[in-house]
Amino acid sequence: MTAAPRVSVRNLTKVYRTRRGSHVALDNVSLDIDPAEFVVLLGPSGCGKTTLLRCIAGLEEPDSGEILIDGKVVFSSRDGIYVPPEKRNLSMVFQSYALWPHLSVLENVIYPIRNSGKSQREAAPLAQEALEKVGLGKFSAAYPGQLSGGQQQRVALARAIVSGDGLVLFDEPLSNLDAKVRERLRLELLSLQTQIGFAAVYVTHDQVEALALADRIAVMDVGTVAQIGAPEQIYDHPASRYVADFVGSANELEGIVLSVGAKLLVKTAFGEIESANFPASMSVGQKVAVMIRPEHCNVAALGESENLITGRLTRSLYLGAVRQHFLETDGGELLITTQAPVTADSDGTLTVTCASHRVHVFAQGA
């Protein structure tokens, strides 16, 4: 028997109205989060991801739709239900940490336990245990101002998990930290989530963070969910030009469909390109966008014939784990990514190939 969703969002709409007009922040959004599932809301500024998180938390009241937490309706425009945040059985971790500066680390974590009705005697060991889980057991007597940014974020995480509600909302919690601290806290967060088993809804604009953390990613675009799926599905099988462009990097070029069959043949500035990833509705003569990820291009071996692109190697950048190479072709610049160095011919030319199943084609304007 399949467990009921921890969170259900159904046909949610939120409109902000000002003297300058109206802005639709959420447009009929529906989404389920299962128990112990880590769902990331990913998208650029203004796409509606934070508004959706705040609606789930109860910090924003939607205009229409329904929200259920553990099967209980916490918002319904039809039935006039609006349960306040403190009664929704969830915790939230903010970008700004939101710690009480005048309380010690232990007192900050005790605070939500005491609010739930437990005594100080009951709350103190639970708070200390939560601090031990995030590696801050010895800092219980310190104050937030004495801690680094990464340590303060761990305190905020301990405060979120100590309530035992089983649902934690994250509003870009790692964006204020440097790269190495972010990477370490990502791993710690995943370890805690696996150990405790809470459901998580996590907002970020960082695609690397989304791919690293999520069981499923919901890519948002102007108040709608453009695609939701596992990280591999989102990255390797984007449902639209927008998703392909936002998640990862891609070489994009315009083209015209020459033939439609098991593969699509497209005329582009780089030459004729074959694709095995295209909508069934494609037709001959249609204008399309062709997208090729840099890491899906390989230096062509002798005898290679599929999707060959030749250009002059203008520069290469060493980035540690990978190398970026820029090819100037008759159709414009092509970016490829490899792990090993590449060597151009004596005249500076380099021919690369891209497998047709790695080439994505979308209708123009899609």
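Reader: Which residue of E9 does Leu-167 stand opposite?

Author: In this predicted model, Leu-167 stands opposite Ala-199 in E9.

Reader: How do you know that strand E8 and strand E9 are paired?

Author: Pairing requires at least two bridges between the strands. Strand E8 (residues 167-171) and strand E9 (residues 199-204) are joined by five bridges and run parallel.

Reader: What makes E7 and E11 the edges of their sheet?

Author: The order of this open sheet is E7-E8-E9-E3-E10-E11, with mixed pairing among its six strands. Strand E7 (91-93) and strand E11 (224-229) each have a single partner strand, so one side of each is left without a neighbour in the sheet. From one strand to the next, the twist averages 20°.

Reader: Why is helix H1 said to pack on the sheet?

Author: Contact means heavy atoms within 4.5 Å. Helix H1 (residues 49-57) touches strand E3 (38-42), E7, E8, E9 and strand E10 (216-221), and is therefore described as packing on the sheet. The direction of H1 makes about 145° with that of E8.

Reader: How do you know that E18 is paired with both E17 and E19?

Author: The threshold is again at least two bridges. Strand E17 (residues 308-318) and strand E18 (residues 323-329) run antiparallel and share six bridges; between E18 and strand E19 (residues 332-338) there are seven, also in the antiparallel sense. Among the bridge partners are Leu-313 with Leu-327, and Thr-329 with Gly-332.

Reader: What joins the strands in these hairpins?

Author: Four residues lie between the strands in the hairpin of E17 and E18, where Gly-320 takes a positive phi near 90°. The hairpin from E18 to E19 passes through two residues.

Reader: What makes a residue part of the lining of the largest pocket, and which residues lie nearest its centre?

Author: A lining residue has an atom within 4 Å of a pocket point. For the largest pocket, with a volume of about 780 Å³, 23 residues form the lining, and Leu-90, Ser-91, Met-92, Pro-112 and Asn-115 lie nearest its centre. H2 gives the most to this lining, with four residues.

Reader: How does the lining of the largest pocket divide by class?

Author: The lining of the largest pocket has 14 nonpolar, five polar and four charged residues.

Notes
Residues are numbered from 1 along each chain as its sequence is written. This is a predicted model: local features need pLDDT of at least 70, side-chain atom pairs count only at pLDDT 80 or more; totals for chains, interfaces and linings use all residues. Side-chain values use heavy atoms; hydrogens and water are left out. Axes are lines fitted to C-alpha atoms, for helices over the stretch in contact, and angles run from 0 to 180 degrees between N-to-C directions. On a 1 Å grid over the protein atoms alone, a cavity is a set of points where a 1.4 Å probe fits but cannot get out, and a pocket is an open set with protein on both sides within 12 Å along at least five of seven lines; lining residues have an atom within 4 Å of a point. Grid points are joined across faces, edges and corners, and a volume is the space filled by probe spheres set on the points. Ala, Val, Leu, Ile, Met, Phe, Trp, Tyr, Cys and Pro count as nonpolar, Asp, Glu, Lys and Arg as charged, and the others, Gly among them, as polar.
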